[in-house]
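I opened my notebook to get to know a structure that was new to me. Here is what I looked up, entry by entry.

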Amino acid sequence: MSTNRAKITLSTPEVKEKFSAKIQSIAVKEKEHEVERKAQELGLPYINLQSFPVGQEALELIAEDKARSLGLIPILVSGQEIRLGVCDPSAPGLDEYLNNLKKRHSGNYAIYLMSEHSLKLALELYDRMPKVRAMPSGVSLTEDDIKHYEGTMKDFAKVNELLNTANLT
């Protein structure tokens, strides 16, 4: 006697995906509440960057690598008002960095406690910022360039010919 059982699915992949997203959302909210309670214990204001607009001008205050290593995000820079979000106020090197920052940029600083989730969201904003590239000025010649053209340039007419055919972009 052979049993031929059909596989029963209780939910579609779409429902599973929605359920998983909901569970993740609940976990994030619980973590945010935990960080908010910790902020109250430490006497710090709390911020959730999920729905807080962090502007590019604020992000320019602290380089991405420093923001990442210290868990520190500039969330608002408006005139003399400077607001920073931090995940761990006792992070190694944070106090020294903040003292140096205050010397370079004077203003009224306020530190907010935020979650790792908020830090992750803010760090993603750095990816959207335009990257500044140094534009070369003048002419750059390497030793290989000189060796390449060494035997071909015997007179100014040949140099002129090479310059006219060279790609200058």
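**Entry 1: the end of a helix.** I started at glycine 43, which comes just after α1 and takes a positive phi of about 75°. I kept in mind from here on that the model is predicted.

**Entry 2: along α1.** Next I walked back along the helix itself, which covers residues 13-42. I found that α1 has 30 residues and reaches 43 Å from its first C-alpha to its last, close to the 44 Å expected at 1.5 Å a residue. Which residues of α1 are buried? I noted Glu32, Val35 and Ala39. Then I looked for what covers these buried residues of α1, and the cover includes β3 (108-113) and α5.

**Entry 3: the whole chain.** I stepped back and counted seven helices and three strands in the protein. From the N terminus on, I read the order of elements as α-α-α-β-β-α-β-α-α-α. The accessible surface comes to about 13100 Å², and carbon and sulfur atoms hold 54% of it. Of the 169 residues, 23% are buried. I also checked contacts with a separation of 6 or more: 62% of them are between residues 24 or more positions apart.

**Entry 4: the core.** Which members of the largest nonpolar core touch the most other members? Among its 27 residues, I wrote down Leu49, Ile62, Leu72, Ile73, Leu84 and Tyr126. At least two residues of this core come from each of α3 (64-70), β1 (72-78), β2 (81-86), α4 (94-104) and α5 (116-128).

Entry 5: I picked isoleucine 73 and set aside its neighbours within four places in sequence; its contacts include Leu49, Leu59, Ala67, Arg83, Leu84 and Tyr126. Arginine 83 counts as buried because its relative accessible area of 18% is under 20%. Leaving out residues up to four places away in sequence, I found that arginine 83 touches Ile73, Pro74, Ile75, Leu76, Asn108, Tyr109, Ala110 and Tyr112.

Conventions:
Residues are numbered from 1 along each chain as its sequence is written. This is a predicted model: local features need pLDDT of at least 70, side-chain atom pairs count only at pLDDT 80 or more; totals for chains, interfaces and linings use all residues. Side-chain values use heavy atoms; hydrogens and water are left out. A nonpolar core is a set of buried Ala, Val, Leu, Ile, Met, Phe, Trp, Tyr and Cys residues joined through side-chain atoms within 4.5 Å. Buried means under 20% relative accessible area, exposed over 50%, partly exposed in between (1.4 Å probe, protein chains only). Helices (H or I, at least four residues) and strands (E, at least two) are DSSP runs, numbered from the N terminus. Contact means heavy atoms within 4.5 Å. Accessible areas come from the Shrake-Rupley method with a 1.4 Å probe; for residues, only the protein chains shown count as cover. The expected span of a helix is 1.5 Å times one less than its number of residues.
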